[in-house]
Amino acid sequence: MNFDKIGEMALGSRLRALSDKVTEDAEPIYNLYSVELKPKWFPIFYFLSNTTKGASITAIAKEIGHSHPSVIKIAREMSKNGIVIEKKDALDGRKNNILLTQKGIDLSVKIQKQYTDVESAIKNTLSQTKHNIWLAIQEFEYLLNQKSLYSRVMDEKKIRESSTIEILDYSPEYHKYFQELNEEWITTYFKLEDADRKALDNPKDYILDKGGKILVAVENKVVIGVCALLKMQDDKYDFELAKMAVSPKARGKGIGYLLGKAIIKKAKKLNASYLYLESNTILKPAISLYEKLGFKKISGHYTPYERCNIQMELNLNNQKP
């Protein structure tokens, strides 16, 4: 397979191919030094050769990064070949430890020359490369431990899909979608309340004419999300972020985040200092979104909604430009 032609997306396959290339020489190398080990035994053997007390299956699995069943299987093979033995723990009779036998201990002495030559061969090979693969793998592993490849692919997917999405100002033609998308999610989890009906039935009178704003997310001329700013008569809060709804068909594309960022930007242009919102903790994805946008939990503010059990605020003065 021409990995260079496929490119970086074949990283996993290419690493496996490299691993196979290195592993195919491992058994001949053991034979070269007359060391009676199989390559797959090496991680357990090396770990046990550096401890005199032995270790439990669980401890070995954790140390070498293998599964519990895998370690059990390999330990049994090594035991049949007289390299390890299983014994009760001296301090805890309920626990069994795996230890090297005398044959295993002798092998750990005999293999030292092999270690020296293999390490030198690998270092010499690395010195002939422009990029040190060992250091690169360490760095790459660190990055994947911080954030998995799956999460990184999901982020790229959202970025690509969001590039086709427009965030537009509300106009009367979008009233139907503003109403339907909100009624859909509200009735899925709760019931429509009087405050909902006022805003959804008459967004012009209840939201826009009072100084509020509505934004609409559109993809290929299809409305897939809506969000509103409701002007508040409050000593602290300028606007309430409300009536955010995303079509079930468009979920997972980061539409809520795009709408949230856009509505916050709109609030800043209106010289707002604080935004307020109400929600319910049953809506875990929504709460996570608000936290990602910078909202913090508060309490004690009046609410007209029965379903509200969490209130949050966003200090726009602390927001980066």
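I looked up Phe-140 and found it partly exposed, because its relative accessibility is 40% (buried is under 20% relative accessible area, exposed over 50%, partly exposed in between, with a 1.4 Å probe and protein chains only). I noted that this is a predicted model, where local features need pLDDT of at least 70, side-chain atom pairs count only at pLDDT 80 or more, and totals for chains, interfaces and linings use all residues. Residues are numbered from 1 along each chain as its sequence is written, and side-chain values use heavy atoms, without hydrogens and water.

I placed Phe-140 in helix α9 (helices are DSSP runs of H or I, at least four residues; strands are runs of E, at least two; both are numbered from the N terminus).

Next I checked the surface. Phe-140 belongs to a nonpolar patch of about 1100 Å², along with residues including Leu-11, Trp-134 and Val-153 (patch residues have over 30% relative accessible area and no salt bridge, and nonpolar side chains are joined within 5 Å). I saw that α2, α9 and α10 each supply at least two patch residues. The largest share, six residues, comes from α9.

Then I turned to α15, residues 284-293. Its buried residues are Ile-287, Leu-289, Tyr-290 and Leu-293. They sit on the same side of α15 because they cover an arc of only 160° around the axis (taken from the directions from the axis to the C-beta atoms). I found them packed against β6, α14, β7 and β9 (contact means heavy atoms within 4.5 Å). The face turned away carries exposed Lys-284, Pro-285 and Lys-292. Just after α15, Gly-294 has a positive phi of about 110°.

Key: Patch = residues over 30% accessible without salt bridge, like charges linked within 9 Å, V, L, I, M, F, W, Y side chains within 5 Å. Areas by Shrake-Rupley, 256 points an atom, 1.4 Å probe, with all protein chains shown as cover. Salt bridge = Lys/Arg side-chain N within 4 Å of Asp/Glu carboxyl O.
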